[in-house]
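The following exercises concern a single protein chain.

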Amino acid sequence: MFESNILLRFITIIFIFSLVLPSFVLAADELPQETVLEGRVVNVLDQEENQGDPEAQIFVVKLESGDRAGEEVEVLGGGSTQRIGDSEYKEGDRVLVAQTTNLSGDSEFYIQGFVRRNALLSLFVIFVIVTLLVARWRGLTSLIGMAMSFLVIFKGISPLILGGANPVLVVAGASLAIIPLTFFLSHGMNKKSLVAAASTVLSLIVTIGLASLFSNIAHLTGYSSEEAAYLQTMVPGKINFQGLVLAGIIVGVLGVLDDITVAQAAVVQKLREANPRLPSNELFFNALYVGRDHIASMVNTLILVYAGASLPLLLLFVNTSQDLSLVINNQFLAEEIVRTLVGSIGLIFAVPVTTFFAVKAFPRPFSSQS
């Protein structure tokens, strides 16, 4: 009990530190932000003449937030200047309106997009209800762990990286907070969780080493995405984009390692309970046999997740006339390949490591040993 209290205090200290530290890092360097207001489209006017663009429209939006709530403003949109993928708005749509100031000091407005919060909130409520109905108390603690992980990522990891800190060191340090928070809240304070946490840390070390090595060998810079270009413009010279790629690999693998290590530790525990007299070497290989099926399914899942996230760009590359050897040499695809393979190796490594630690943690009872 005394050791559990010390561990809980340690977890709490790390969690609080990860939330407080960014406020000191960014205190003197806040990023300017435009004013974003919510509103509702109350009218769509056809504009017959707008610099030779008769197809342009004016949206009349009634603001619903900010100091100007209740006012109606006009926003120009559509026409030949409309970008591919821009949404079409109609009366009654709730939208986000950005307010900026031009060189004359007058306010200008443009629509950023729909207000999607209600749809997302409804989906989240369904997710919470399903989780609680199926997992009951364990589901509630898992949701708490998920919330704390989000806090660490958005209030700890992100501000530190934006402040110029090394992304790999930040994510590796934050993992010390995320791993115990999620593991012990989701699965309880027990041997199984301790084995899974220790195995996850060791597997992450291997993953970080491989990701660093092959990112250098493959000359990955981290500038392949459009988001990286925006970040470079917003905070020039502050972010280590190659390190950001490595940090993304770590976070992605960390989320899957929870499932791998906990499940494998549980397999060993249940096999030991089912047959206390089973020798340790047989227990190891029986549990590893189950783990091989888990490896096969998780590696396939990881590849499909990465492919699904990048599907539009993959279709673009497939539609080209270039040879496959040239297509996979593109930096974006090279990053995804390194991400997938390094993550898969980390997951595969976690299975025998977790099995070994679990066998040691759940030995044969002394009375059962021959």
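**Exercise 1. Determine where H219 lies and whether this residue is buried or exposed.**

Step 1. H219 belongs to the loop between helix 4 and helix 5 (226-234). Helices (H or I, at least four residues) and strands (E, at least two) are DSSP runs, numbered from the N terminus. The model is a predicted one, in which local features need pLDDT of at least 70, side-chain atom pairs count only at pLDDT 80 or more, and totals for chains, interfaces and linings use all residues. Residues are numbered from 1 along each chain as its sequence is written, and side-chain values use heavy atoms, with hydrogens and water left out.

Step 2. Buried means under 20% relative accessible area, exposed over 50%, and partly exposed in between (1.4 Å probe, protein chains only). Because its relative accessibility is 63%, H219 counts as exposed.

Step 3. The backbone of H219 has a positive phi of about 55°, although the residue is not a glycine.

**Exercise 2. Describe the course of helix 2 (residues 117-162).**

Step 1. Compare the expected span with the computed one. The expected span of a helix is 1.5 Å times one less than its number of residues. A straight helix of 46 residues would span 68 Å, whereas helix 2 spans only 25 Å between its end C-alpha atoms.

Step 2. Locate the bend. Helix 2 bends by about 135° at A135; the bend at a residue is the angle between axes fitted to the seven residues ending there and the seven starting there.

Step 3. Examine R136, which is also found in helix 2. R136 is a residue other than glycine with a positive phi, near 55°. At 60% relative accessibility, R136 counts as exposed.

Step 4. Look past the end. Just after helix 2, G164 adopts a positive phi of about 105°.

**Exercise 3. Classify the ring pair of F150 and F154, then that of F356 and F357.**

Step 1. A pair of aromatic rings is described by the distance of the centres and the angle of the planes. Rings of Phe, Tyr and Trp (its six-membered ring) pair if their centres lie within 6.5 Å; planes under 30 degrees apart count as stacked, over 60 as edge-to-face and the rest as tilted. The structure holds 6 aromatic pairs.

Step 2. The centres of F150 and F154 are 5.9 Å apart and their planes lie at 10°, so this pair is stacked. The two residues are separated by about one helical turn, because they are 4 residues apart in helix 2. F150 is partly exposed at 44% relative accessibility, and F154 is exposed at 53%.

Step 3. F356 and F357 form a tilted pair, with 5.9 Å centre to centre and 55° between the planes. F356 has a relative accessible area of 43% and is therefore partly exposed; F357, at 28%, is also partly exposed.

**Exercise 4. Identify the nonpolar cores of the chain.**

Step 1. A nonpolar core is a set of buried Ala, Val, Leu, Ile, Met, Phe, Trp, Tyr and Cys residues joined through side-chain atoms within 4.5 Å.

Step 2. The largest nonpolar core has 53 residues, and I157, L204, I249 and V268 have the most contacts inside it. Helix 6 (241-274) is among the elements that give two or more residues to this core, and helix 6 supplies its largest share, 14 residues.

Step 3. A second, separate core has 12 residues, including L63, V75, V97 and F109.
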